[in-house]
Amino acid sequence: MIRVAPSSCSRTGSSSPRDKYQSLRPDRMATRDLAVGVIFLIQTVVGILGNFSLLYHYFFLYFTGCRPRSTDLIVKNLIIANILVLFSTGIHNTMMYFGLYHIISDFGCKIFPYARGVGRGVSIGTTCLLSVFQAITISPRNSRWAVLKGKAAKCIIPSIVLCWVLQILVNIIYPMFLTSSLSNKNITNRKSFSYCSAERHDKTRDSLYAALLSFPDVLFLAFMLWTSGCMVFILYRHKQRMQHILRTNVSSTSSPESRATKTILLLVSTFVCCNTLSTTFHIVLSLFDNPNKLLLNITSGLTLCFPSISPFLLMAREQSIHGLLCQCKEHKVPPSYE
């Protein structure tokens, strides 16, 4: 009995290393969730400030009587798509990781991924559309783009509507298959996505769904690379033309062409990197049976990247191209470069 008493006291008064580790796990998980929530909060705040600043800029131009440009409608549509992504992914994930909101209904599991998918797809498509119309705008009249100059403005609204309709139809997969994990008692045949789950299909069907969702993104990425390459080539030829007209060597760092080229390359590189990684992770996410929380967080973070920083890149690009067009008018460049 004398030996048993100290042994009993030692068990109740102290804990094993395993018990200490188990007790620290909730604290570590809470710290990790807080850190992830802060990252989502920073991305969301930066994105909201950038998009609303760009929207304020266009409202200011409108109320001061400035003549609107043909691409203004595309940029406004891009702002709406970015805000849709920020609200459906950024604010939603931030509130979830701070413990302010959790998805407990089928409606939340259907509407948030659907809004995110539509907004993300429209954002990618609209950015590509903007690049196409700007390439047409700055192209010389003797180029292959010249035929489209008179028709481009009439195609803006139909192109935007087509982009929205395409993404609304493609992303209908999300509300069709996603439901709340709490509303399904039998989850053995379902893929778990944190608070939501989806019906588990065979690999062939999952691959077809992944291809359907990623095909528009890949197509828009290819168009973006092509049009941006055309714009850089047009600006290089234009710079040579201006040097010949002015009989001077324009500085490679201060010329409007160089500034426009840098902003175009910065925008296209950011666009391609963010959306290529985002598309890749979305494909991986759709093919995994039970993706872990880290994969879900990375995918959501990559989805927020371009909508958060694109307004700042677009403002710099718009200013550089506007400066280029002003230079053409100031120096009375021949009609082929108006």
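**Close-up 1. Ser123 in helix H4 of the predicted model.** Ser123 is found in helix H4, which spans residues 106-138; helices (H or I, at least four residues) and strands (E, at least two) are DSSP runs, numbered from the N terminus. Ser123 has a relative accessible area of 3% and is buried, where buried means under 20% relative accessible area, exposed over 50%, and partly exposed in between (1.4 Å probe, protein chains only). Apart from neighbours within four places in sequence, Ser123 is in contact with Leu78, Ala81, Asn82 and Phe306, a contact being heavy atoms within 4.5 Å. This is a predicted model, in which local features need pLDDT of at least 70 and side-chain atom pairs count only at pLDDT 80 or more, while totals for chains, interfaces and linings use all residues. Residues are numbered from 1 along each chain as its sequence is written, and side-chain values use heavy atoms, with hydrogens and water left out.

**Close-up 2. The disulfide between Cys109 and Cys196.** By the rule that a disulfide is a pair of cysteine sulfur atoms within 2.5 Å, the count comes to 1 disulfide, and this one joins Cys109 to Cys196 with an S to S distance of 2.0 Å. The pair links distant parts of the chain, with Cys109 in helix H4 and Cys196 in strand S3 (residues 196-199), 87 residues apart. The torsion about the S-S bond of Cys109 and Cys196 is about -90°, so the disulfide is left-handed. Cys109 counts as buried at 0% relative accessibility, and Cys196 counts as buried at 7%.

Close-up 3. Cys128 is in no disulfide, and the nearest cysteine sulfur, that of Cys163, is 8.9 Å away; Cys128 counts as buried at 4% relative accessibility. For Cys273, the closest cysteine sulfur is in Cys274 at 6.8 Å, which is too far for a bond, and Cys273 is partly exposed, with a relative accessible area of 47%.

**Close-up 4. Aromatic rings around Tyr62 and Phe63.** The structure holds 7 aromatic pairs, where rings of Phe, Tyr and Trp (its six-membered ring) pair if their centres lie within 6.5 Å, and planes under 30 degrees apart count as stacked, over 60 as edge-to-face and the rest as tilted. The ring centres of Tyr62 and Phe63 are 5.2 Å apart and their planes stand at 75°, so this pair is edge-to-face. Tyr62 is exposed, with a relative accessible area of 59%, and Phe63 is exposed as well, with 66%. Phe59, Tyr62 and Phe63 form one aromatic cluster.

**Close-up 5. Arg116 over the ring of Tyr174.** Arg116 lies over the face of Tyr174, at 5.5 Å from the ring centre. A charge sits over a ring if NZ of Lys or CZ of Arg is within 6 Å of the ring centre and within 35 degrees of the ring normal.

**Close-up 6. Confidence along the chain.** The mean pLDDT of the chain is 79, and 78% of its residues reach 70 or more, pLDDT being the predictor's confidence in each residue, from 0 to 100. Confidence is lowest in helix H1 (residues 4-13), at a mean of 42, and highest in helix H6 (residues 156-170), at 94. Over residues 17-25 the pLDDT is below 50, and this stretch has 2 contacts in the model beyond near neighbours in sequence.
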